[in-house]
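Hi,

Here is the structure I promised to hand over.

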Amino acid sequence: MAREFSTVGVVGLGTMGAGIVEVFARNGINVVAVEISEPALERGRATLTGSTDRAVAKGKLAAADRDALHERVHFAVGLDALHSVDLVIEAVPEHLNLKQRIFAELDRVCRPETILATNTSSLSVTEISVATTRPNQVIGIHFFNPAPVMKLVEVVRTVVTSPEVVADVEALCGRLGKVDVTINDRAGFIANALLFGYLNHAVGMFESHYATREDIDAAMKLGCGLPMGPLALMDLIGLDTAYEILDTMYRRGGRDRRHAPVPLLKQMVTAGLLGRKSGRGFYTYERPGSPVVVPDEATPPATEAALADGARAIAKVGVVGSGTMATGIIEVFAKAGYEVVSVTRGAEKSATVCEAVKTSLNKGVVRGKLAEADRDAALGRISWSATLDHLADVDLVVEAVVEELSVKKALFASLDEICKPGVVLATTTSSLPVIDVAMATQRPADVVGLHFFNPAPVMPLVEVVRTIRTSPEATATARAVCAALGKTGVVCGDRSGFIVNALLFPYLNDAVKMLEASYSTADDIDHAMKLGCGYPMGPFELLDVVGLDVSLAIQRELYLELREPGFAPAPLLEHLVTAGYLGRKTRRGFRDHSHR
Ligand SMILES: NC(=O)c1ccc[n+]([C@@H]2O[C@H](COP(=O)([O-])OP(=O)(O)OC[C@H]3O[C@@H](n4cnc5c(N)ncnc54)[C@H](O)[C@@H]3O)[C@@H](O)[C@H]2O)c1
């Protein structure tokens, strides 16, 4: 029979502990909430009150239930208060020595049958457990931030954790309304092992001025549908905690350089910039603990005028190409009121593209999103041509031809001869260096990357890539055009993968390596990222949608450019591609889609 948990103890009421107290008390379990000092206890109490009051204000919790919840929580300073609880969850800062000391003390204070759990994100549960005389009753219960919201709990068993304890804790997770995945003791478990390399990489991008904090965060939110950008997430996690997690993962996880904390992190922690909890991290918050971001000296001006500062006027746009991207881009510009000249390699191709644009616009009409008159006006703005000569008087050219450097270079050389001076020349390449294309012209200052996402009419993000030769005016023009299209343009440097792919694909590749190492299953890994981190799709779902061949090609590019050993494509990914399992398009990738 499953063990009864009527009273649990929570040690440390910081970012995680206060949330964990709320989870238990909400589910009818009594909690003894312990801190190191009176002021810390008061802070923890205030966090709990703030969170439950917000839940009441949002109508998610009845006032009476909130009061009952608070009655279930007993606050105390010192571990002695935990003498008769059934389970303790420790959530003190991420330091092995501190946790070992606390576990030794808990072992002394608590009843012999009490289960002792740690909420550690990266430390070895096994090493923590051996500080007690009951390592078989020590387990990891890893909640996600914010604990009352995120559904996932990683249950971490060591080689000595007793199976009954694992089963009891799994049953408890169910009672708390959580979904648990049970795994072995490895640095970062599932979610953090996949998350922190990505977060650290994003901090590195920010540190090197590759892109602004707003642009990095907007790119991942709008390009991947993530609930928050990586820098905002770092602020939520707490930079001190994030630093310790990275540091531990680096040391325990095979010294992968991607986990070596970016130096800026240490500097920020030393300077007391800990994220939301201290009121300032990558962003500035209304006050310590507040989720509300307030403008600071790094906040970009929001007005349209500022955006257009130095931008050239664009009225007529040329789009070269006849594939999926070109078709979508033609539609986007025409709908936004630009005059568009479409150039393909022949009348037949133009007819196909024209049909595709019509079909797509018609869909908008059928769905009630576009008036018939607007559809007709958009189509009326497009002229169809098979010769580049018709681009002599456009203000902007967007190239979306095949992803081959020689083809793009030849095209840009021709554009250089045909187009009038002052035109912005843009390539939609997703993997080639924009500077290579720019140098095929005599006007590299006017060349930018405009990386649209597929499907272009739907996706709200465009990456504006500036090379070391791109002029500020060309960048400003590109950004202003994105705004006029109703899209968010994020500006970044000319590096493989720009922002989104550079941050996304190594994470997907890491998930494949984790599966390959048999640490967990594709289902559990997908669950962990969706329920623990709020991702719209798990990594294997996404890989099957994107295509394994496409993913492998992008990962290879990243590896070749940066020579980062951690970016080496996962052998399993290569094998699946070789075997022809490319994802949904071949009805088999990581999963079998033949029956769906
Ligand atoms: N922040 C996250 O997003 C997150 C997510 C999951 C797990 N974790 C893990 O949870 C644990 C806590 O992290 P956090 O972010 O909540 O840290 P935090 O710094 O926000 O809170 C830690 C709390 O522990 C208290 N404390 C310190 N020493 C103590 C002692 N001897 N006795 C009692 N209380 C003590 C501190 O006063 C503080 O309130 C860490 O192991 C961390 O890795 C963090």
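Please bear in mind that this is a predicted model, in which local features need pLDDT of at least 70 and side-chain atom pairs count only at pLDDT 80 or more, while totals for chains, interfaces and linings use all residues. Numbering runs from 1 along each chain as its sequence is written, and side-chain values use heavy atoms, with hydrogens and water left out.

**The ligand**

Let's begin with the ligand. There are 24 residues around it, and M16, E35, E94, K99 and S121 come nearest (a residue is near a molecule or strand if one of its heavy atoms lies within 4 Å of it). By class, that shell has 11 nonpolar, nine polar and four charged residues. Here Ala, Val, Leu, Ile, Met, Phe, Trp, Tyr, Cys and Pro count as nonpolar, Asp, Glu, Lys and Arg as charged, and the others, Gly among them, as polar. At least two shell residues come from each of α1 (15–26), α4 (96–109) and β6 (138–143); helices (H or I, at least four residues) and strands (E, at least two) are DSSP runs, numbered from the N terminus.

Which atoms lie by the ligand's oxygens? E35 has a polar side-chain atom 2.5 Å from a ligand oxygen, and N119 has a polar side-chain atom 2.9 Å from a ligand oxygen. V92 uses its backbone instead, with an N or O atom 3.4 Å from an oxygen of the ligand. Taken alone the ligand exposes 830 Å², and the protein buries 89% of that (Shrake-Rupley areas with a 1.4 Å probe; for residues, only the protein chains shown count as cover).

**A pocket and a cavity**

The second largest pocket has a volume of about 1,200 Å³. Its lining is made of 36 residues, and F453, N454, N501, V546 and V550 lie nearest its centre. Elements that give two or more residues to this lining include α19 (500–516) and α22 (548–562). By class, the lining has 22 nonpolar, 11 polar and three charged residues.

A search of the whole structure finds one cavity of 30 Å³ or more. S431, L432, P433, D494, R495, S496, F498 and E561 line the largest cavity.

On the terms: on a 1 Å grid over the protein atoms alone, a cavity is a set of points where a 1.4 Å probe fits but cannot get out, and a pocket is an open set with protein on both sides within 12 Å along at least five of seven lines; lining residues have an atom within 4 Å of a point. Grid points are joined across faces, edges and corners, and a volume is the space filled by probe spheres set on the points.

A cis peptide bond joins N145 and P146, with omega about -5 degrees; P146 sits in the loop between β6 and β7 (152–157). Another cis peptide bond, between N454 and P455, has an omega of about -5 degrees.

H209 is not a glycine but has a positive phi of about 60 degrees. This residue lies in the loop between α7 and α8, and H209 counts as exposed because its relative accessibility is 68% (buried is under 20% relative accessible area, exposed over 50%, partly exposed in between, with a 1.4 Å probe and protein chains only). R563, also not a glycine, has a positive phi near 55 degrees.

By contrast, R258 is buried, at 13% relative accessible area.

Cheers

Methods
A polar contact is a pair of N or O atoms within 3.5 Å; within protein, one must be able to donate a hydrogen and the other to accept it, and residues adjacent in sequence count only if both atoms are side-chain atoms.
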